[in-house]
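Look at the sequence and the model, then read on.

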Amino acid sequence: MLRPTGKQYVVTRPLYSEDAFADEHAKVRRQRKTTRHHVKDYFTWNSKRVKNAALSLLPIVGWMRIYRLKEWLLSDIVSGVSTGLVAVLQGLAYALLASLPAWYGLFTAFFPVIVYLFLGTSRHISVGAFPVLSLMVSAVVTRMVPDEGSLFNITGFQGLSIEEQRVMVAASVTFLMGLMQLAMGLLQIGFIVMYLSDTLVSGFTTAAAVHILVSQLKFVLGLEVRGLSGPLSIIYTLQKIFVQIEKTNMCDLATSLVIMVVVFLVKELNDRYKAKLPVPIPVEVIMTVIACGISYAFDFKEKFKVDVVGHIPMGYESPVAPNMEIIGHTAVEAFPMAIVGFAVAFSVAKVYAVKHDYTIDGNQELIAFGASNIFGAAFKSFAASTALSRSAVQESTGGKTQIAGLISALIVMVVTLAIGFLLEPLPKSVLGAVVIVNLKGMLMQVCDVPYLWRRDRPDCVVWLVTCLASILLGLDLGLAVGLGAELITVVFRTQFPRCSVLANITGTDIYKDRKDYVSIYEPEGVKIFRIPSPIFFANIDFFRGKLVEAVGFNPLRVLRKRNKAMRTIRKLLEKGELQMLPKGLLFTSSGPIEEYLPANIQVPRVDVHSLILDFSAVSFLDISALKGLKAAIKEFIWVEVEVYIVACDAHILEKLHSCMFFDEDIKSSMFFLTLHDAMLHVSEKHPVRSENTNVYTKV
């Protein structure tokens, strides 16, 4: 019975052990499905399931049915035009970042968007080139096709220029990346992204920002620096830059500095006055147009030897099949690209899904990006995901659905088919400057380190290890090292949990760590031990050690000493040096009878009569832990300590029954529903006189 009394409540109910509760309250008998039933259900189709599957695979059908033409179309058009202009600029810039000719970035800003329109579940992200992925593509491209020529004997390379070989490598690794994403989506393993924590992603993207910054220095300074990949490539690249720093093109440097300062200031104004501005000022586009016009008017290419975008072919190239030899050489790099591309896109999509109150499907997103990259690779685009800055433009300018994405793709198509020649005088240093300015958000993540150090040092270690490894070893190896560090921290958190001894908060049925509170009540002879993690093969020894430390004695050692004392007593009884009397043992020395045992017989004293194990945070037990737990409980029972287990999960109880955990020593009656039930039971069995009650008030 529950009686509320103001801000207090009074509960009147019987004292429950698990057995007593099971006897009084019948459980519902549930038929659990076997693996065979799950397989059968998976392959059983009906009209409703076919319809749901179709809607799931084509999310466009779902949101097109609710599309508000009059309310949303104009917003989508405005958003699409703004996003399209940014997509053109970023496409050109990120293609250079990927060590490819600039115009191939326009392909990445078009083909994947069209596929995602039909298959994607997010209505707000802008699909296309992403700087981190572009850099990962660059690492593959420069490894297989360095500036001096191909190091790999690939049949498809014959008769191709270095640029064409690099495009083939980029398209092939993108195809493989898309194939991996598609396979993961079809196999319903989108959960894999959960293993990339926010801390790991933050450290990884910060390192990627450093790589991107270094890679763009050659454009900003107007230097010719050979692309490098592999461990310590960033160090070697910086060395090559500083060796020829005196050759800096001052026109490129001045242009870049002006672009960076203006774009940075206007972006800050956009952020500060975003509530008042109808749309953010497209400063990158404006400055690019101005720089392009000035470069054309003053002939930067000829007069100042500025490296410009150059000829942009009109139209699209014919689709090509991926090169299987290249795929065989790039599988190791393609997998982290697939994971990173999906993880970043899914993270951005989740933000906007929560903001605009709709759901996204991780597995369907994998399918969408997989198909987008496969389709794009056929038309020589490189790896696509999403960029936070471009998605922010699409959402902040009023985009409601992926119709905005379609409009942005059409803007890119117009540039590709008709007006791309207008961008030919654009200095590459301008694109480099725009890329560097947009790194601010990723680079500023380094400010999270002091906070992480104060709040969660293992997470801080993961961040630092991931960031440093990614900077020094390269993004692919760095991601693997970061993931390993993250898994190690998980192992340490579960293998060495913070166990505690609990005490009753005086006057309540609440139990907390005895070290943390002032007024606590601890019945004499009772210890309450809590382990806040699963118990498994890796931490069962740690658990037993902490348990011995908590009770203050080792039951096995006590048992050995008791047995040794008993053997000595038997020998003395046989020799007549010890007499058994109704009141106890009397020791007979060579004189009068002594009323004490000999000094060499020591029987350890155990002050604990009841041990309560709080299993409320134990989510599972494996077989090794089950055996270790059983041995530990028996040791305490053998030294006459009663053991109780409270708040045990029902599935763990079932496992204990099925694994023959119970025997003549360990009985199911030792399990109690709650900690307070067990304490009341102990109090009834071992009543404590008021003068002996231990109530501590810490000062």
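Which residues of H24 are buried? They are Ile540, Phe543, Leu547, Ala550 and Val551. Buried means under 20% relative accessible area, exposed over 50%, and partly exposed in between, with a 1.4 Å probe and protein chains only.

This is a predicted model, in which local features need pLDDT of at least 70, side-chain atom pairs count only at pLDDT 80 or more, and totals for chains, interfaces and linings use all residues. Residues are numbered from 1 along each chain as its sequence is written, and side-chain values use heavy atoms, with hydrogens and water left out.

**Helix H24**

The face turned away from the buried side of H24 carries the exposed residues Asp541 and Glu549.

H24 spans residues 540–551, 12 residues in total. From first C-alpha to last, H24 reaches 17 Å, close to the 16 Å expected at 1.5 Å a residue. The expected span is 1.5 Å times one less than the number of residues. Helices (H or I, at least four residues) and strands (E, at least two) are DSSP runs, numbered from the N terminus.

What do the buried residues of H24 pack against? Their partners are strands S5 (500–505), S8 (526–530) and S12 (610–614), and helix H26 (623–638). Contact means heavy atoms within 4.5 Å. Gly552 follows H24, with a positive phi near 90°.

Most residues other than glycine have a negative phi. Lys305 has a positive phi although it is not a glycine. Asp357, also a residue other than glycine, has a positive phi too. Both are exposed.

| Residue | Phi | Loop between | Relative accessibility |
|---|---|---|---|
| Lys305 | about 55° | H14 (300–303) and H15 (324–356) | 63% |

**Nonpolar cores**

A nonpolar core is a set of buried Ala, Val, Leu, Ile, Met, Phe, Trp, Tyr and Cys residues joined through side-chain atoms within 4.5 Å. The largest one has 112 residues, and Val132 and Met337 touch the most other members. H15 gives the most to this core, with 16 residues. Another core, of 49 residues, lies apart from it, and includes Ile531, Val551, Leu559 and Leu656.

Val132 touches Phe204, Ala208, Ile212, Val340, Met442 and Leu475, not counting residues up to four places away in sequence.
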